[in-house]
Each structure stands twice: as structure tokens, then as C-alpha cells.
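Let's take a walk through a protein model together. Keep the sequence and the 3D view side by side as you read.

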Amino acid sequence: MQDQYALLVLTTCPDNDTAVSIADALVQEGLAACVQISAPVQSVYRWQGKVCVETEVQLFIKCHTEGYDALQQRLLSLHPYELPEIIALKLDRGLPGYLDWIKETTHP
């Protein structure tokens, strides 16, 4: 059985409207306990053989491992990028009550 823990999922969006739309859907649907939307960030990356420099908006998504697969699929369906950044980081330390809240607030 897979270990159960909270995750911090990172993704970037092309603009604030897209970020708000994705964040709202994930929280409304119970796939994320909380989504924080950052100020614009500058991204430098290689895509299809070219170096690109873009202004993006970072999302910090808190979920639980039990619902990660559903969150990832929904994020892919909502995201406008052909290949969005979706990185999940294990949260193995934190305020126990907060980590419990993430699990209690989200569902698969």
C-alpha cells in the first residue's frame, strides 16, 4: 500500500485568469485543500529546440496522495499548455493539524 501523506503540487499558468480558474475548480471539486496563486514569475526554459522566456503565474496546490491521480487528470484537462509542469513534492513534515486538514478537506 502506498504511504499516505500530503503533497505540494506545482504548476505554472500563462496568466492570472487561467490560474484563478484552475485553482477555483480544484478547490470547488474537492481535489485540492488550498491553492495559492503567486505573483508573476519569469520562466526560462527550452521547448522544441528553442530557449523561451515567458511571464507565468505559479500555483502551489495542496492535496493528499489519495486524491493525487484525480487531481493530476483534472489539472491536465483544465490546463492550456501542451505539456504543463506538474510536480508533486511529498510533505513529510509540517504542523500536524494542517497536514490533517489537507487530508480531511480533499477526496479522491
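Here, buried means under 20% relative accessible area, exposed means over 50%, and partly exposed is in between (1.4 Å probe, protein chains only). What we have is a predicted model, where local features need pLDDT of at least 70, side-chain atom pairs count only at pLDDT 80 or more, and totals for chains, interfaces and linings use all residues. Residues are numbered from 1 along each chain as its sequence is written, and side-chain values use heavy atoms, with hydrogens and water left out.

Let's begin in a loop. Gln-48 sits between β2 and β3, and with a relative accessible area of 61% it is exposed. Its phi is positive, about 50°, although Gln-48 is not a glycine.

Now for strand β1, which covers residues 6-13. How many of its eight residues are buried? Eight of the eight are, so to speak, under cover. Ala-6, Leu-8, Leu-10 and Thr-12 point one way from β1, while Leu-7, Val-9, Thr-11 and Cys-13 point the other way. Ala-6 is buried with a relative accessible area of 4%. The C-alpha atom of Ala-6 is 9.9 Å from that of Gly-67, although the two are 61 residues apart along the chain.

What does β1 pair with? Two strands pair if DSSP finds at least two bridges between them. Strand β1 pairs with β3 in the antiparallel sense over eight bridges, and there Leu-8 stands opposite Lys-62. Five bridges join β1 to strand β4 (residues 87-91), again antiparallel, with Leu-10 opposite Ile-87.

Next come the side chains that meet. A salt bridge is a side-chain nitrogen of Lys or Arg within 4 Å of a carboxyl oxygen of Asp or Glu. By this rule there is one salt bridge. Arg-74 and Glu-29 form it, at 2.8 Å from N to O. The pair links distant parts of the chain, 45 residues apart: Arg-74 is in helix α2 (residues 68-78), and Glu-29 is in the loop between α1 (16-28) and β2 (34-47). Side chains of opposite charge can pair when their charged atoms come close.

Rings of Phe, Tyr and Trp (its six-membered ring) pair if their centres lie within 6.5 Å; planes under 30 degrees apart count as stacked, over 60 as edge-to-face and the rest as tilted. The count comes to one aromatic pair. Tyr-98 and Trp-101 have ring centres 5.4 Å apart and planes at 35°, so the pair is tilted. Both belong to helix α3 (residues 96-105), and because they are three residues apart there, about one helical turn separates them.

| Residue | Relative accessible area | Class |
|---|---|---|
| Arg-74 | 27% | partly exposed |
| Glu-29 | 31% | partly exposed |
| Tyr-98 | 35% | partly exposed |
| Trp-101 | 33% | partly exposed |

One more ring is worth a look. A charge sits over a ring if NZ of Lys or CZ of Arg is within 6 Å of the ring centre and within 35 degrees of the ring normal. Lys-90 lies over the face of Tyr-5, at 4.7 Å from the ring centre.

Key: Helices (H or I, at least four residues) and strands (E, at least two) are DSSP runs, numbered from the N terminus.
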